[in-house]
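Look at the sequence and the structure together. The paragraphs below go through some of the charged pairs and then turn to one further residue.

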Amino acid sequence: MTDRDNVLWLQSWRDQRTDFHQNTINQLLTRFWPSLDLTPGSRVFAPLCGKSLDMIWLAEQGHDVIGVELSPIAVRAFFRENGLRPARRQFGKFTLWQHGRISILCGDYFSLTMADLGQIDTVYDRAALTALPEDIRRPYVAQLRMIVPETAKIFLLTTEDAEEKDSPSQAFGIAEEIKTLYSKDFEIDLTHVESLFEVDPESPDHPPERTEYKVYRLFARLV
């Protein structure tokens, strides 16, 4: 993130403006994650993880989970709200919080190195990409390619606003932005689409708008 976006993100946690946080485990995760057919003990990276309960579920499936989160408020809340007592220590530019199979590096995603993360088998991105400002998404993906092995899979959940002019093939197909960001290095499998009409909480008087919730599985292109 840019310094500006970092400041806004940290302030949102201080002000408890965290409507983006899901109070339940993501149903698309539990439904489609098994299709990756990962072995127990596989290491999963959760970028921009917040205090997501999805990390608990992933650990329960036998995975070692490592997240990165800028806000110490979010990290502290994750462990406290789940009744976990983590060990905490300085780890390079980060503060490392650990309990059982779950580790969270508290610090700036863009400061991460491959050495910080270690071996990663799969990336779990639940709307981290689509939550970022559009001008930050390309650097976000470029950083991801630098810090995880080329062979790592990506399980990507996106939230995409449908445009009125979109044809069904556009609305329910692979988004052009996803192709632009990932197709050079990955085969893109659009696994599932859910289309919902939702009211914008910031404009409750406006009619509901259609939103597509999509499940992508990305696999490294074979050379």
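Which side chain meets that of arginine 126 in a salt bridge? In this predicted model, the partner is aspartate 54, with 3.9 Å from N to O. Arginine 126 belongs to strand β6 (residues 122-126) and aspartate 54 to helix α3 (residues 54-60), so the pair ties together parts that are 72 residues apart in sequence. The two partners can also be described by their accessibility. Aspartate 54 has a relative accessibility of 1% and counts as buried, because buried means under 20%. Arginine 126, with a relative accessible area of 24%, is partly exposed.

Side chains of opposite charge can pair when their charged atoms come close. The count of salt bridges in this model comes to eleven, and two further ones are described here.

One of them joins the side chains of arginine 221 and glutamate 187, at 2.7 Å from N to O. Glutamate 187 lies in strand β8 (residues 186-198), while arginine 221 lies in the segment after β9 (209-220), so this pair ties together parts that are 34 residues apart in sequence. Arginine 221 is partly exposed at a relative accessible area of 37%, and glutamate 187 is partly exposed at 42%.

Strand β8 also contains aspartate 189. Its side chain meets that of arginine 217 in a salt bridge of 2.6 Å, N to O. Arginine 217 is in strand β9, and the pair links distant parts of the chain, 28 residues apart. Arginine 217 counts as buried, because its relative accessibility of 16% is under the 20% limit. Salt bridges can also share partners: in this way Arg145, Lys184 and Asp185 are joined into one network.

The last stop is phenylalanine 91. Phenylalanine 91 is part of strand β3, which covers residues 87-91. Its relative accessibility is 23%, so phenylalanine 91 counts as partly exposed. Which residues is phenylalanine 91 in contact with, leaving aside its neighbours within four places in sequence? They are Leu96, Leu105 and Asp116. For leucine 105, the separation can be given in two ways: phenylalanine 91 and leucine 105 are 14 residues apart in sequence, and in space they are 8.1 Å apart, C-alpha to C-alpha.

How values were computed
Residues are numbered from 1 along each chain as its sequence is written. This is a predicted model: local features need pLDDT of at least 70, side-chain atom pairs count only at pLDDT 80 or more; totals for chains, interfaces and linings use all residues. Side-chain values use heavy atoms; hydrogens and water are left out. Helices (H or I, at least four residues) and strands (E, at least two) are DSSP runs, numbered from the N terminus. Buried means under 20% relative accessible area, exposed over 50%, partly exposed in between (1.4 Å probe, protein chains only). Contact means heavy atoms within 4.5 Å. A salt bridge is a side-chain nitrogen of Lys or Arg within 4 Å of a carboxyl oxygen of Asp or Glu.
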